[in-house]
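Dear colleague,

I am passing on the structure below, together with notes on what turned up in it. Please read the notes with the coordinates open beside you.

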Amino acid sequence: MTYVIAQPCVDIKDRACLAECPVDCIYEGVRTLYIHPYECVDCHACEPVCPVEAIFPEDELPRHWAHYRAVNEEFFEAGSAQRRGPRPAQGDHPVVAALPPQHVRKKEIAGFAVRGEEAADVDPWFPL
Ligand code: F3S
Ligand code: F3S
């Protein structure tokens, strides 16, 4: 089994996962990061640090993102020189490259966070 980075990472690229991986098997593309399926040692360190919950064990991927297992794997098959190189990092898998900009979603996440903080500040006894 291996871990997989799915769509929530696209155009977010928080990179917190990079610092956690003990074997440096997470590689950076232009719009997302990818986990090398043959280098990942399945340690689970990366999954909890991703703020947008983009990382899943491959057999726990939500059905609508199940194709990201192949996306991560095929990213490293695109060029044989990339397969074991330290940093493949140019371009993206075609599935990721074809996605519309995800920044709108990022703004939505930020908006929810702000509204959540505002809600926490409201005193229930003296509502605004
Ligand atoms: Fe992406 Fe999450 Fe890592 S947003 S870069 S998978 S911490
Ligand atoms: Fe690396 Fe462990 Fe995740 S090997 S990709 S931190 S599961």
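Does Arg31 count as buried, partly exposed or exposed, and what is its relative accessibility? This is a predicted model, and in it Arg31 counts as buried, because its relative accessibility is 15% and the cut-off for buried is under 20%. The residue forms a salt bridge with Asp11, in which the closest N and O atoms are 2.8 Å apart. That pair links distant parts of the chain, with Asp11 in the loop between β1 and α1 and Arg31 in the loop between β2 and β3, 20 residues apart. Asp11 is likewise buried, at a relative accessible area of 14%.

As for the overall layout, the protein chain contains 4 helices and 4 strands, and from the N terminus on its elements follow the order β-α-β-β-β-α-α-α. Of its 128 residues, 41% are buried, and the chain exposes about 7800 Å², of which carbon and sulfur atoms supply 57%. Among contacts with a separation of 6 or more, 67% are between residues 24 or more positions apart.

The largest nonpolar core has 16 residues, and the members that touch the most others are Ile5, Ile26, Ile35, Cys46 and Ile55. Strands β1 (3-5) and β3 (33-35) each supply at least two residues of this core. A second, separate core comprises 14 residues, including Ala6, Leu61, Phe76 and Val96. Leaving aside residues up to four places away in sequence, Ile5 touches a set of residues that includes Ile26, Leu33, Ile35, Ala54, Ile55 and Tyr68.

The loop between β1 and α1 (16-20) is also the place of Gln7, whose side chain makes a polar contact of 3.0 Å with the side chain of Tyr68. Not counting residues up to four places away in sequence, Gln7 touches Trp65, Tyr68, Leu99 and Gln102. Gln7 and His67, although 60 residues apart in sequence, are 9.9 Å apart in space, C-alpha to C-alpha.

The structure holds 4 salt bridges, and Lys13, Arg15 and Glu28 are linked in a network of them. Glu28 is in strand β2 (residues 26-28) and is buried, with a relative accessible area of 16%. Its side chain makes polar contacts with the side chain of Lys13, at 3.0 Å, and with that of Arg15, at 2.4 Å. The salt bridge between Arg15 and Glu28 has its closest N and O atoms 2.4 Å apart, and this pair links distant parts of the chain, with Arg15 in the loop between β1 and α1 and Glu28 in strand β2, 13 residues apart. Arg15 counts as partly exposed, at 38% relative accessibility.

Another salt bridge joins the side chains of Arg69 and Glu58, at 2.7 Å from N to O. Arg69 lies in helix α2 (residues 68-77) and Glu58 in the loop between β4 (55-57) and α2, so the pair ties together parts that are 11 residues apart in sequence. Arg69 is partly exposed, with a relative accessible area of 46%, whereas Glu58 is buried, at 16%.

Finally, a note on the cysteines: a search of the whole structure finds 0 disulfides. Cys9 counts as buried at 8% relative accessibility, and Cys50 counts as buried at 15%.

With best regards

Methods: Residues are numbered from 1 along each chain as its sequence is written. Chains are lettered from A and ligands numbered from 1 in the order in which they are written. This is a predicted model: local features need pLDDT of at least 70, side-chain atom pairs count only at pLDDT 80 or more; totals for chains, interfaces and linings use all residues. Side-chain values use heavy atoms; hydrogens and water are left out. A nonpolar core is a set of buried Ala, Val, Leu, Ile, Met, Phe, Trp, Tyr and Cys residues joined through side-chain atoms within 4.5 Å. Buried means under 20% relative accessible area, exposed over 50%, partly exposed in between (1.4 Å probe, protein chains only). Contact means heavy atoms within 4.5 Å. Accessible areas come from the Shrake-Rupley method with a 1.4 Å probe; for residues, only the protein chains shown count as cover. A polar contact is a pair of N or O atoms within 3.5 Å; within protein, one must be able to donate a hydrogen and the other to accept it, and residues adjacent in sequence count only if both atoms are side-chain atoms. A disulfide is a pair of cysteine sulfur atoms within 2.5 Å.
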